[in-house]
Amino acid sequence: MFNMLYGLKDIHTVISNQRKIGGAAEADSIRLSSGETYLNPVFTNVDISKGHYVSVGFIDQDGANVIAHVDQIAVIKGLEHKLICQLNNTYIKHYLLHDTLKYLQKLCEVNAGFVTSSFKKEALKLVRDISVKELKNHNISLPFPVEEKIVQLLA
């Protein structure tokens, strides 16, 4: 996916399938009808009731956790699906990076000694999401070789 998103349905899809596709839904900015503007919001939740979108939750670059009714949204600019390593929101990027590294370490512990194709596929997906650079920065090694050429970096 990793490209433009076109609405709440796309945001909901990214959030719902985060473990399968990785990354997050981030916008350049969101302005509410009250005039409040939030920069680099990363969407964390979309509430649906009876088939209608009701509210969205997001965290801005300052770490403010905001839930807004869909009727309060005036403009969302630059909405995209990005890998964790591509996020501009440093607050949520740090949080997601830490969470993903913790999950990757636990995945390696559980699969210690058994490098199955499904384990390797999931581990490489996580590495692609955070980048090989971050893997090296945190001194995490995988039980199989990871080449930067194989894990395509888009950051």
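Visitor: What should I know before we start?

Guide: The model is predicted, so to speak a computed one: local features need pLDDT of at least 70, side-chain atom pairs count only at pLDDT 80 or more, and totals for chains, interfaces and linings use all residues. Residues are numbered from 1 along each chain as its sequence is written, and side-chain values use heavy atoms, with hydrogens and water left out.

Visitor: How many helices and strands does the protein have?

Guide: Five helices and eight strands. Helices (H or I, at least four residues) and strands (E, at least two) are DSSP runs, numbered from the N terminus. Along the sequence they follow the pattern α-α-β-β-β-β-β-β-β-β-α-α-α. The C-alpha trace spans about 55 × 30 × 25 Å along its principal axes.

Visitor: What makes Tyr38 and Phe58 an edge-to-face aromatic pair?

Guide: Rings of Phe, Tyr and Trp (its six-membered ring) pair if their centres lie within 6.5 Å; planes under 30 degrees apart count as stacked, over 60 as edge-to-face and the rest as tilted. For Tyr38 and Phe58 the centres are 5.3 Å apart and the planes make 70 degrees, so the pair is edge-to-face. The two residues come from distant parts of the chain, 20 residues apart: Tyr38 sits in strand E3 (residues 37-39) and Phe58 in strand E5 (residues 52-59). The structure holds three aromatic pairs, and Tyr38, Phe43 and Phe58 form one aromatic cluster.

Visitor: Are Tyr38 and Phe58 buried or exposed, and how do you know?

Guide: Buried means under 20% relative accessible area, exposed over 50%, partly exposed in between (1.4 Å probe, protein chains only). Tyr38 has 13%, so Tyr38 counts as buried. Phe58 has 0%, so Phe58 is buried too. Across the 155 residues of the protein, 38% count as buried.

Visitor: Which residue other than glycine has a phi near 95 degrees?

Guide: Ser131, and that value is positive. Ser131 lies in the loop between helix H4 (117-130) and helix H5 (132-137). Its relative accessibility is 7%, so Ser131 counts as buried.

Visitor: How do you know that Ile67 is exposed, and what is Ile67 in contact with?

Guide: Ile67 has 65% relative accessibility, so Ile67 counts as exposed. Ile67 is found in strand E6 (residues 65-69). Contact means heavy atoms within 4.5 Å. Leaving aside neighbours within four places in sequence, Ile67 is in contact with Ser55, Val56 and Gly57. From Ile67 to Glu80 it is 13 residues in sequence and 19 Å in space, C-alpha to C-alpha.
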